[in-house]
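Dear colleague,

I am passing on the structure below, together with an account of what was found in it. Please keep it open beside this message while you read.

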Amino acid sequence: MIALISFLLVVLISIIIVRIGTVALEMTGLSRDVAAFQAQSAFSGTGFTTSESEYVVSHPIRRKIIRILIFLGSAGITSAIATLVLTFIGKSAEEVKQNFIILLSGLLILYFFVRSKWIDKMMRKVIRKLLNRFFPSLKIYDYNQLLGISRGYSIGQIKVRKSSWLANKTLRELQLDKEGVLVLGIYRKVGEKEVYLGAPSGDTKILPGDLVVLYGPEDVILNLSKRVKGIRGKIEHEEAVEKAKIRAMQEEMELKGE
């Protein structure tokens, strides 16, 4: 009976550890589904190779969380198997039957414990509060992931030359948003100082010598850096606008799961 209770306690503790690991990974910027999957994979030692796994190994805090889960998981699973074996070894048929019924009942209770949305909500609230208090460094967001850097999008800088298609035009005239590009800011030399214009408006004119910070599809930003003024630049802009429309349609279809 003691071995059986020990086994159920190990399972319960394992569930709580995975739940803590999930919340901790969420606090570093992972989505709930991805965090839960990575925590369960690490604790069970399954080691699934997914694109999200790259975010884990490249992030120092997430890497520490995963390492702890792997360590605790290897010890917890071994203990669970050992105690489960002891539950049935050397027992009479009647005791085995009784232990099996108790085991099944305990696992059912744990199953409803895991599936309960109310318990999950309460546990997440308590875990997040405790982690915020004792591990404030967890709440660090991975902006590479948030901005979709690994999904074809990028942040780039363009040094505007006199011959550049961007030079001496306002953002409203350039219509970069139609190409799927956002201007995040502009570094400009004013006298001896360098001034930063954050989130510039449509009336902001880009001048030769400006360093423009852009966000958008990586290939579009690369082509934009090479684009020169004149008819050819206008044609390239129109082609980029058409490509942006196609890309937007494809992304919308992906969101709908088509």
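For what follows, a residue is called buried when its relative accessible area is under 20% and exposed when that area is over 50%, with partly exposed covering the values in between. Please bear in mind throughout that this is a predicted model.

I begin with the salt bridges, of which the structure holds nine. Glutamate 26 forms one of these with arginine 124, where the closest N and O atoms are 2.6 Å apart. Because glutamate 26 lies in helix H1 and arginine 124 in helix H6, this pair ties together parts that are 98 residues apart in sequence. Glutamate 26 and arginine 124 are both buried.

The side chain of glutamate 26 also meets that of arginine 128 in a salt bridge, at 3.9 Å from N to O. Here too distant parts of the chain are linked, since glutamate 26 belongs to helix H1 and arginine 128 to helix H6, 102 residues apart. With a relative accessible area of 30%, arginine 128 falls in the partly exposed class, whereas glutamate 26, at 12% relative accessibility, counts as buried.

Another salt bridge joins the side chains of arginine 227 and glutamate 236, at 3.7 Å from N to O. Arginine 227 counts as buried, at 3% relative accessibility, while glutamate 236 counts as partly exposed, at 24%. Salt bridges that share partners bring Arg227 and Glu236 into one network with Glu179 and Arg232.

Lysine 121 itself is exposed, with a relative accessible area of 62%.

Turning to the strands, E6 (residues 211–217) is mostly covered, in that six of its seven residues are buried. Strand E1 (residues 153–159) pairs with E6 in the antiparallel sense over seven bridges, and strand E3 (residues 182–190) also runs antiparallel to E6, joined to it by five bridges.

Glutamine 175, placed in the loop between helix H8 (171–174) and E3, has a phi near 55°, a positive value in a residue other than glycine. Alanine 199, found in the loop between strand E4 (193–198) and strand E5 (205–206), likewise has a positive phi, near 45°. Are these two residues buried, partly exposed or exposed? Glutamine 175 is partly exposed, with a relative accessible area of 31%, whereas alanine 199 is exposed, at 65%.

Threonine 28, in the loop between helix H1 (2–27) and helix H2 (32–44), counts as buried, its relative accessibility being 0%. Threonine 28 and arginine 62 are 34 residues apart in sequence, and their C-alpha atoms are 7.1 Å apart in space.

With best regards

How values were computed. Residues numbered from 1 in each chain as written. Predicted model: local features only at pLDDT ≥ 70, side-chain atom pairs only at ≥ 80, totals over all residues. Heavy atoms only, no water. Buried < 20%, exposed > 50% of the residue type's maximum accessible area, 1.4 Å probe, protein only. Helix = DSSP H or I, 4+ residues; strand = E, 2+ residues; numbered from the N terminus. Pairing = 2+ DSSP bridges. Salt bridge = Lys/Arg side-chain N within 4 Å of Asp/Glu carboxyl O.
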